[in-house]
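I opened this model to look up a few local features and note where they sit. My entries are below, in the order I made them.

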Amino acid sequence: MKFLTFACSPSSRLGVLIGPDHVLDLTETWPQHDDHMPPPAHVGDLIALGDTGLECARQLANEYGRDTTKLHSLSSLQVLAPIPRPTKNIFCIGRNYREHIIEGNRARGRPMDDFPPVIEVFTKPPTTVIGTLAPVPAHQHVTKQLDYEVELAIVIGTPGRDIPKERAMDHVFGYTIVNDVSARDLQKAHGQWFKGKALDGHCPMGPYVVHKSAIADPHALSIQLDVNGERRQDSSTKDLLFRIEDIIAQLSAGLTLESGDIIATGTPSGVGLGLEPPRFLKPGDVMEARIEGLGVLRNPIGE
């Protein structure tokens, strides 16, 4: 199942994709008068309802999935980020694709075989999150080296701490696409990654959260990013240095992962910084991030 969040004044609505281009409004069709399971307004609300909420969504999709009076055309909706305002920062794993590590080492003058022994973690604040088609602010008064990074993101379903690797996948609700837009000059100037990764609007996410049951193997997905139709990144999640279960086990050690938490797992080679010469984004450029089975996340660079 592919869940999405779309705009509907004064708030938002939860939808489920029916076929390639129709959406059932789950918020509208949700059972009323149930104080224990109020209608969810976005994907995060659905996840918080646990297995009961997921089963209700399945039943509604089966009941109304062929009722054209209940369906909306996907193209008619303003699709938002699936979780428009995460309750805390997005966890991000740096340097986690082998070829990307090599290109980064080359660009920074490091030894080519400098691979991290454990996950490298930074975060992006909730104010970075935007949805598909939303313009990414260029912030030209702050940065001159704007870059892109397509990433597979894990969405946590079941909370947990000290999660063993063997049970890590039980805590996953599903997957989405994140574009970890990065200001490379700020990254370098501040000596750590947070500021260069944290500018407003610099975490496009979506368009869907795909339930894990629809993804046979998250470690065998093609992952790509185009700029103005030119392929820049083209890899597979099989190149991950640390697999999803390793990431969850290491990150949750002494740290509680909560329902709706988002973990971006790193980006493959082909980022603008790693090209020779480097090629950074400018206003008017259009990025298309795609991951097999998860859709396409498309965003222009604004002024």
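**Entry 1: the model.** I am working from a predicted model, and I keep that in mind for every value here.

**Entry 2: salt bridges.** I looked up how many salt bridges the structure holds, and the count is 22. I then went through some of them one at a time.

**Entry 3: Lys 88 and Glu 258.** I found a salt bridge between the side chains of Lys 88 and Glu 258, with 3.0 Å from N to O. The two partners come from distant parts of the chain, 170 residues apart. I placed Lys 88 in the loop between strand 5 (79-80) and strand 6 (90-94). Glu 258 sits in the loop between helix 7 (244-251) and strand 16 (262-264). I also checked accessibility. Lys 88 has a relative accessibility of 24%, so I list Lys 88 as partly exposed. Glu 258 is at 37%, and therefore also goes down as partly exposed.

**Entry 4: Arg 184 and Glu 149.** Next I looked at the salt bridge of Arg 184 with Glu 149, where the closest N and O atoms are 2.7 Å apart. Arg 184 belongs to helix 5 (residues 184-190), while Glu 149 is in the loop between strand 9 (146-147) and strand 10 (150-156), so this bridge ties together parts that lie 35 residues apart in sequence. Are these two residues buried or exposed? I found both Arg 184 and Glu 149 buried.

**Entry 5: Arg 243 and Glu 245.** I noted another salt bridge, between the side chains of Arg 243 and Glu 245, at 3.0 Å from N to O. Arg 243 has a relative accessible area of 37% and is partly exposed. Glu 245 has 14%, and since buried means under 20%, I list Glu 245 as buried.

**Entry 6: Thr 237.** I located Thr 237 in the loop between strand 15 (230-236) and helix 7. The relative accessible area of Thr 237 is 1%, so this residue counts as buried. Which residues does Thr 237 contact, leaving aside its neighbours within four places in sequence? I listed Tyr 97, Leu 152, Pro 218, His 219, Ala 220, Leu 221 and Ile 223.

**Entry 7: cis peptide bonds.** I found a cis peptide bond joining Ser 9 and Pro 10, with omega about 10°. Pro 10 is in the loop between strand 1 (2-8) and strand 2 (11-18). I found another cis bond running from Glu 276 to Pro 277, with omega near -5°. Pro 277 is in the loop between strand 16 and strand 17 (286-291).

**Entry 8: positive phi.** I looked up phi for His 139, which is not a glycine, and noted a positive value of about 50°. His 139 lies in the loop between strand 8 (129-130) and strand 9. Asp 162, also a residue other than glycine, has a positive phi near 55°. I placed Asp 162 in the loop between strand 10 and strand 11 (172-179). With a relative accessible area of 48%, Asp 162 is partly exposed.

Terms used. Residues numbered from 1 in each chain as written. Predicted model: local features only at pLDDT ≥ 70, side-chain atom pairs only at ≥ 80, totals over all residues. Heavy atoms only, no water. Salt bridge = Lys/Arg side-chain N within 4 Å of Asp/Glu carboxyl O. Helix = DSSP H or I, 4+ residues; strand = E, 2+ residues; numbered from the N terminus. Buried < 20%, exposed > 50% of the residue type's maximum accessible area, 1.4 Å probe, protein only. Contact = heavy atoms within 4.5 Å.
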